[in-house]
Amino acid sequence: MNSESNKPINNIALKDLNLPYDLKKLTSDQCRDLCKEIRSILIKTVSCNGGHLASNLGVVELTMALHRVFSSPDDKLVWDVGHQTYTHKILTGRLDRFSTLRQENGISGFPKPEESIHDSFISGHSSTSVSVACGIAEAMKLQQKTDNYAVAIIGDGAFTGGLAYEGLNNAGKSNSNLIVILNHNDMSISKNVGAFAKYLSSIRNKEKYVNTKNAVEQVLKKTPVVGAPISKALVASKTALKGVVLKGNTMFEDFGFVYLGPVNGHDIEELEKVLSLAKTFKKPVFVHVNTVKGKGYLPAERNPGEYHGIARFDIMTGNPEVVSSDSYSSVFGRELVRIARTNNKICAITAAMKYGTGLQYFAEEFKNRFYDVGIAEQHAVTYSSALSMMGMIPVFAVYSSFLQRAYDQLIHDASLSGAHIVIGIDRAGLIGEDGETHQGLFDVGMLTTVPGITIFSPSCYDELKAALHKAVDDYSGIVCIRYPRGNDCTSFDKKSDKADWCYYSQSDSESENLLISYGRIFDDLYKASGILKSMNISCDILKLTKIYPLDDEAVAKACRYKNIIFFEEGMKNGGIAEHFLMRLAENGFHNNYHTKSVNGFVKQATVKKQLSYECFDCSSMAQFAADLLNNDKEIKKDET
């Protein structure tokens, strides 16, 4: 807290405060008024910009209480997954920029240390906060910052990820100023599943514990002579009352934590009491907080899964502007249902992304063959491998960015065992406003190192459907189908050669130039070839659909060209363009070869702008190719 007066502030609005420092001067009633203002800002902003609405509405009071009890940035707040930090951003000096949320050059939808000193660690993937906070708390101890705390705020959905338990296992024995807050709302993106969810539900409705303990302490403190010592003893022993209410230790105490809770996560006064109590132990403490996802906006409360991450929507009706049924995700999900109707070996697996990956259709029609394993991508791959070894055909649908978490399992459990599993890689390529942590740019470079793998990257809905059928029926081993976020807006001639799984088009006159690409951006490359033709630059085009292993005939066709330009919506290192060059070299190619791909992390902006900045729109592709080809001509003239 700053050194200004602690005199209470009356008739306040967020814009009038020096945040977060003035929060400690406010009354509980004033805080409740601010919470209403914050919810209004959240709904208005997300309705315009899109983003994570339900999760943020659920933690307004919790965030307010955190900033009143702790002193950021000296105390470090570590958010998990990080998409529920909108209120935190508002309360830490970013109110005037909050309208730029998730916009290009605006504030991020996730914690970002370069954006604010109050964001202690970048976070876009789940289950990391306990490990991060454990490390921060240990560093504080080494630096003798005995009055500071590391606070991890983690949802029960993120607790289905194994890293959370690895963190708990080490944090509980750390003896440092570490506080883990469980934001328990029974939701990740879909309804939480598994034994842990059932366990938490068994203690969720026991909020009376905290209230009872506080009431007893207040009575004892008012009792002369014996009151204070008995009260202190109760705290030191983690209170005998808990044994009566909860009937035994919690698993968190078995990990070595002091357990406090459950407490009502929408009661600021109760939250402040339990958080203040947590600070007194000076050792790892676990605080169990019950919240309602979507709190304060009825459509989000009724359907928190739909309002977890949402595009722009109408506030009055709650209706989103984008029809989700017209998307690669939904086409994938519906086609899988059609295949499964005649093949009872098909199973569908999701990692808490039933709606995000289009598997809700499968879940509704084939309940006994659908498995939501929670936020546990590693388990999903190994589980799928075991299903395969027993004769089933598992189809695991997952975002590209999240598949990165299962690299070891892809190699050791799937590839090494020869399991036939199909992986639908959703959100492949650039994904827009979620920014650096969610771009699907790394899967190709990662997957091509896995022995025996096959990768398809369709450029339209028809190719997606065909690839799914081939993956299920015609291939063995790991078969991946990667497809972008959004819908099919392509206009290219779709006379694909299904035999070699590439599309090859020659110009009217014999050309020395070949343009190559795959996936979503091929449609723009197709248009770019037309622009180049108008510039009197003749180019043939090659589209790969099965991008790995590379097709022999496609490589052989490319070898005859003097100039090849490969456009790839993915990382340069380890990309298909590199693999294609290696195959060309093996076939004796010694001519000009150029690539245009991504190099590094891509910041938030619309997908359209990101594609343009990375030179993947038709006009940029045409200009890039024209500059290279004209330059090559000038070099040849000079050599002559």
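Student: How far does helix α20 (residues 461–473) reach from its first C-alpha to its last?

Tutor: Helices here are DSSP runs of H or I with at least four residues, and strands are E runs of at least two, numbered from the N terminus. Helix α20 has 13 residues, and its expected span is 18 Å at 1.5 Å a residue, taken as 1.5 Å times one less than the number of residues. The reach of α20 is close to that value, at 19 Å.

Student: What kind of model is this, and what is the mean pLDDT of the chain?

Tutor: This is a predicted model, in which local features need pLDDT of at least 70 and side-chain atom pairs count only at pLDDT 80 or more, while totals for chains, interfaces and linings use all residues. Residues are numbered from 1 along each chain as its sequence is written, and side-chain values use heavy atoms, leaving out hydrogens and water. The pLDDT is the predictor's confidence in each residue, from 0 to 100. In this chain 81% of residues reach 70 or more, and the mean is 85.

Student: Over residues 222–228, how many contacts does the model have beyond four places in sequence?

Tutor: Take care with this stretch, where pLDDT stays under 50. Contact means heavy atoms within 4.5 Å. For residues 222–228, beyond four places in sequence, the number of contacts is five.

Student: Which residues of α20 are buried?

Tutor: Buried means under 20% relative accessible area, exposed over 50% and partly exposed in between, with a 1.4 Å probe and protein chains only. By that cut-off, the buried residues of α20 are Tyr461, Glu463, Leu464, Ala466, Ala467, Leu468, Lys470, Ala471 and Val472.

Student: Which residues have the most contacts inside the largest nonpolar core?

Tutor: A nonpolar core is a set of buried Ala, Val, Leu, Ile, Met, Phe, Trp, Tyr and Cys residues joined through side-chain atoms within 4.5 Å. The largest one has 49 residues, and its largest share, four residues, comes from helix α23 (residues 576–586). Apart from it lies another core of 28 residues, including Val337 and Phe456. Within the largest core, the residues with the most contacts are Ile423, Leu544 and Phe580.

Student: Why is the pair of Phe362 and Phe366 classed as it is?

Tutor: Rings of Phe, Tyr and Trp (its six-membered ring) pair if their centres lie within 6.5 Å; planes under 30 degrees apart are stacked, over 60 edge-to-face and the rest tilted. Phe362 is buried at 0% relative accessible area, and Phe366 is buried at 10%. Their ring centres are 5.1 Å apart and their planes stand at 50°, so the pair is tilted.

Student: Which residue lies over the face of Phe366?

Tutor: A charge sits over a ring if NZ of Lys or CZ of Arg is within 6 Å of the ring centre and within 35 degrees of the ring normal. Arg334 lies over Tyr361 at 5.6 Å from the ring centre. Over Phe366, at 4.5 Å from the ring centre, lies Arg369.

Student: Is Ser127 buried or exposed?

Tutor: Ser127 lies in the loop between α4 (86–94) and α5 (129–142). Its phi is near 75°, a positive value in a residue other than glycine. With 0% relative accessibility, Ser127 counts as buried.

Student: What is omega for the cis peptide bond that joins Tyr548 and Pro549?

Tutor: Pro549 is in the loop between β15 (546–548) and α22 (552–558). For the cis bond from Tyr548 to Pro549, omega is about -5°.
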